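Here are a few exercises to work through with the model open beside you. Try each task yourself before you read the solution.

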Amino acid sequence: MHTTTVHSSKAGKAAMANDAEKAGRDLLERFEAIRGCRHHFPLLRRRVNGKPLVYFDNAATSQKPQVVIDATLRYYEEENSNIHRGVHYLSERATQAYEGVRVKVQHLLNAAHQREIIFVRGTTEGINLVAYSYGRTAVGAGDEVLISTMEHHSNIVPWQILCEEKGAKLCVIPINDRGEIELAEYEKLLTPRTKIVALTHVSNALGTINPVKTMVAMAHAHGIPVLLDGAQAVPHMKVDVRDLDCDFYVFSAHKAFGPTGVGVLYGVTKLLDAMPPYQSGGDMIKSVTFEKTIYNDLPYKFEAGTPNIGGGIGMGAAIDYINEIDPASLAEFEHELLDYATKRVAEIPGLRIIGTAREKAAVLSFVIDGIHPHDIGTILDDEGIAIRTGHHCAQPVMQRFGVPATARASFAFYNTKEEIDVFLAALHRVREVLG
Amino acid sequence: MSALRDLYQQVILDHNRNPKNFRVMPDATGSIEGYNPLCGDHYTVFVRMEGDVIADVSFTGAGCAISKASASVMSSVLKGKTLVEAEGMFKDFHALVTGVASSEEGMERLGKLAAFAGVSEFPARVKCASLPWHTLHAVLDGKSRPISTE
């Protein structure tokens with residue numbers, strides 16, 4: 001009996017070792033496939049200041065693969081026409097292509113219905129739409145709007161304006177020294193006066209991935225709807241709005257390998273149906289007389305005027321592109337880049353990372369003792385390295401950590417460890433020049 | 001490389017490490033805050049006038065190497081200058097950092113300030129170099145509200 005047990009345990013161990021080896025091999029293969037994608041991005045081949053470009057400003061905007069550039073070009077060369085209502089061939093082609101993107105977005109986010117996908121200019125417009133339309137009907141004097149310390153200005157200012165207008169109060173969830181939401185404090189801030197929670201999924205300044213599913217459930221326990229700002233999440237991970245159970249989700253195409261000037265607001269039908277239009281004009285109406293206008297159905301009620309059709313089609317190509325690579329592998333790959341960069345920067349004397357959350361996306365925000373981030377940025381640029389320096393449109397985060405600004409390197413799947421080595425050499429040079 | 005060395009000249013690095021007149025001035029006749037919201041440079045410039053003459057200039061605050069060195073050099077060259085002379089230097093300095101050719105006479109007047117010539121190659125840094133000067137200008141104009149370069 002004893003012998004048998006030993007044998008089966010050995011066999012089990014061998015099988016487990018085989019599985020682990022296989023998983024390791026799969027991971028290597030998947031990572032190798034991701035590394036092969038870099039050449040899809042023509043801009044990454046260029047040189048800056050005589051050096052090969054190292055593009056580490058992905059949290060600001062991503063580069064575009066050739067397929068996105070081609071799709072946009074093809075639209076203007078072969079299909080350009082105004083959408084909806086046209087009876088001619090081109091208008092029907094353009095309408096089909098544009099509405100086809102709505103289905104792609106629906107699948108990307110796993111939304112229940114096409115009508116819940118509203119095209120906007122980007123994350124900022126999506127939040128403004130909700131603050132204006134939902135906010136102005138649901139929030140009144142004495143009510144509260146709840147956001148977090150780590151919000152981008154675009155998820156602060158629209159709510160601040162709403163609160164000022166309505167005599168409501170803007171409440172802020174605190175974060176700890178790692179840059180993580182304090183969940184116990186969050187629970188205390190959910191009150192009968194809270195009318196909406198607006199929260200970033202991933203922080204642009206710190207990289208923190210917030211426990212949004214838990215936070216949505218906590219708000220819903222009080223009957224409070226939640227808007228999630230997904231600008232930094234969609235390019236880097238699989239997002240499932242039904243699994244998260246959020247009421248609104250917003251993102252921009254340009255941070256997710258698509259064109260600028262187009263983005264998405266997802267909203268649950270029940271809320272969107274009850275909301276008044278945000279902008280008005282053509283396309284958002286069913287009928288107009290001087291006495292009365294009947295608004296169009298979802299999603300068109302919120303899409304006044306000719307939209308960014310070419311941009312929308314480019315966004316569709318970007319979604320096809322991400323789906324081919326597999327968003328789950330991207331997150332793993334980028335995490336490895338972040339780990340490597342985090343370990344390497346520890347060798348720079350006086351460097352301190354701002355944002356050390358346990359769950360973190362590929363954002364490395366840092367300061368160096370005695371050297372202003374702006375000077376770091378200029379010296380890195382001289383080496384062909386693009387990073388961002390400043391407050392990253394998140395001044396309250398800077399205040400929380402007591403720094404005027406940070407330097408921020410943010411990675412995408414087309415970045416490499418070799419580029420991180422170049423970045424490290426340049427940081428040593430910063431110390432040499434200014435140290 | 002050479003453009004970068006032109007930007008971070010030794011004079012600038014020295015003034016950044018050991019800024020001159022980096023102090024509060026209790027008997028200032030005027031002072032004002034200057035702020036560059038984009039990069040977070042934030043200074044207060046103090047001036048003590050004696051009639052038409054700038055008797056003393058000092059500053060406090062924090063920012064990048066270029067802005068701090070600029071404030072430091074500015075405070076040392078302006079002491080003892082008349083308002084008219086200061087206005088001339090402000091214009092010469094502005095021309096220098098924005099890359100507008102200035103006359104030989106103007107370059108001579110600039111003296112130590114000529115170290116900032118390299119800034120013109122870095123458009124994003126022009127605001128850093130000129131923030132202390134704009135702030136000083138606001139003090140001399142008798143303004144009282146903080147100024148911003150945005």
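**Exercise 1. Find what covers the buried residues of H2(B), and say which residues those are.**

Solution. Start with the cover: helix H3 (65-78) of chain B is part of what lies over the buried residues of H2(B). Helices here are DSSP runs of H or I with at least four residues, strands are runs of E with at least two, and both are numbered from the N terminus. Next, pick out the buried positions: in helix H2 (residues 10-17) of chain B they are B:Ile12, B:His15 and B:Asn16. Buried means 20 or more other C-beta atoms within 10 Å of the residue's own, exposed means 12 or fewer, partly exposed is in between, and C-beta atoms are placed from the backbone. Now look down the axis: these three sit on the same side of H2(B), because they cover an arc of only 105 degrees around it. That arc is taken from the directions from the helix axis to the C-beta atoms. The background is that an α-helix has 3.6 residues a turn, so residues three or four places apart point the same way.

A word on ground rules: this is a predicted model, where local features need pLDDT of at least 70 and side-chain atom pairs count only at pLDDT 80 or more, while totals for chains, interfaces and linings use all residues. Residues are numbered from 1 along each chain as its sequence is written, and chains are lettered from A and ligands numbered from 1 in the order in which they are written.

**Exercise 2. Work out the strand order of the open 4-strand sheet in chain B.**

Solution. The order reads S3-S2-S1-S4, with mixed pairing. Strands pair if DSSP finds at least two bridges between them. At the edges are strand S3 (53-62) and strand S4 (147-148) of chain B, each pairing on one side only. Zoom in on strand S2 (residues 41-50) of chain B: 9 bridges tie it to S3(B), and the two run antiparallel. As a landmark, B:Phe46 is opposite B:Ser58 in S3(B).

**Exercise 3. Is A:Asn155 buried or exposed?**

Solution. First locate A:Asn155: it is in the loop between S5 and helix H5 (157-166) of chain A. Then count: 25 other C-beta atoms lie within 10 Å, so A:Asn155 is buried. Leaving out residues up to four places away in sequence, A:Asn155 touches A:Ile127, A:Ile147, A:Ala198, A:Thr200 and A:Asp229.

**Exercise 4. How many residues are in contact between chains B and A?**

Solution. Chain B brings 15 residues and chain A 13.

Terms used. Two residues are in contact if their C-beta atoms, placed from the backbone, lie within 7 Å.
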